[in-house]
Amino acid sequence: MTNDTMRTDTTRITARRTGRAVTVAAGAAAALLLWVVNDPWAGIDLAVRQGDTTRHIGPVAVAVAALIAGLA
């Protein structure tokens, strides 16, 4: 009986972790999709100004920020 209980608990934990990973990945993909629509297609230049310098926001920065936010 304990083996059945352990299998059920392990299956639930695995399913929960898989669901969370898929959600985080989907969030990052959605953020990249929005970046693609806004930056290259719409011509909206995403940038951050810090003092006298301006930094362009690229796809890597978008994906990393989305993944960090999703994992938090």
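Select Arg16 to begin: its relative accessible area is 48%, and Arg16 is therefore partly exposed, since that class runs between the 20% cut-off for buried and the 50% cut-off for exposed. Keep in mind throughout that this is a predicted model.

Now extend the selection to the element around it. Arg16 sits in helix H1, which covers residues 2-41.

Next, colour the chain by pLDDT. The mean over the chain is 88, and 90% of the residues score at least 70. H1 is where confidence is lowest, with a mean of 85. Helix H2, residues 59-71, is where confidence is highest, at 94.

Switch to a cartoon view of the whole chain. Two helices and two strands make up its secondary structure, and their order along the sequence is α-β-β-α. The radius of gyration is 19 Å, whereas the globule rule gives 11 Å for 72 residues, so the chain is more spread out than a compact globule.

Go on to strand E2, residues 53-56, and select Arg55 within it. Is Arg55 buried or exposed? Arg55 has a relative accessible area of 59%, which is over the 50% cut-off, so it counts as exposed. Show the residues around Arg55: apart from neighbours within four places in sequence, its contacts are Leu46, Ala47 and Val48.

The accessible surface comes to about 5,900 Å², and carbon and sulfur atoms account for 63% of that. Of the 72 residues, 11% are buried. Colour by charge to pick out 7 positive and 5 negative side chains; the centres of these two sets are 11 Å apart.

How values were computed. Residues numbered from 1 in each chain as written. Predicted model: local features only at pLDDT ≥ 70, side-chain atom pairs only at ≥ 80, totals over all residues. Heavy atoms only, no water. Helix = DSSP H or I, 4+ residues; strand = E, 2+ residues; numbered from the N terminus. Rg over C-alpha atoms; globule rule 2.2 N^0.38 Å. Buried < 20%, exposed > 50% of the residue type's maximum accessible area, 1.4 Å probe, protein only. Areas by Shrake-Rupley, 256 points an atom, 1.4 Å probe, with all protein chains shown as cover. Lys, Arg positive; Asp, Glu negative; His and termini not counted. Charge placed at Lys NZ, Arg CZ, Asp CG, Glu CD. pLDDT = per-residue confidence, 0-100. Contact = heavy atoms within 4.5 Å.
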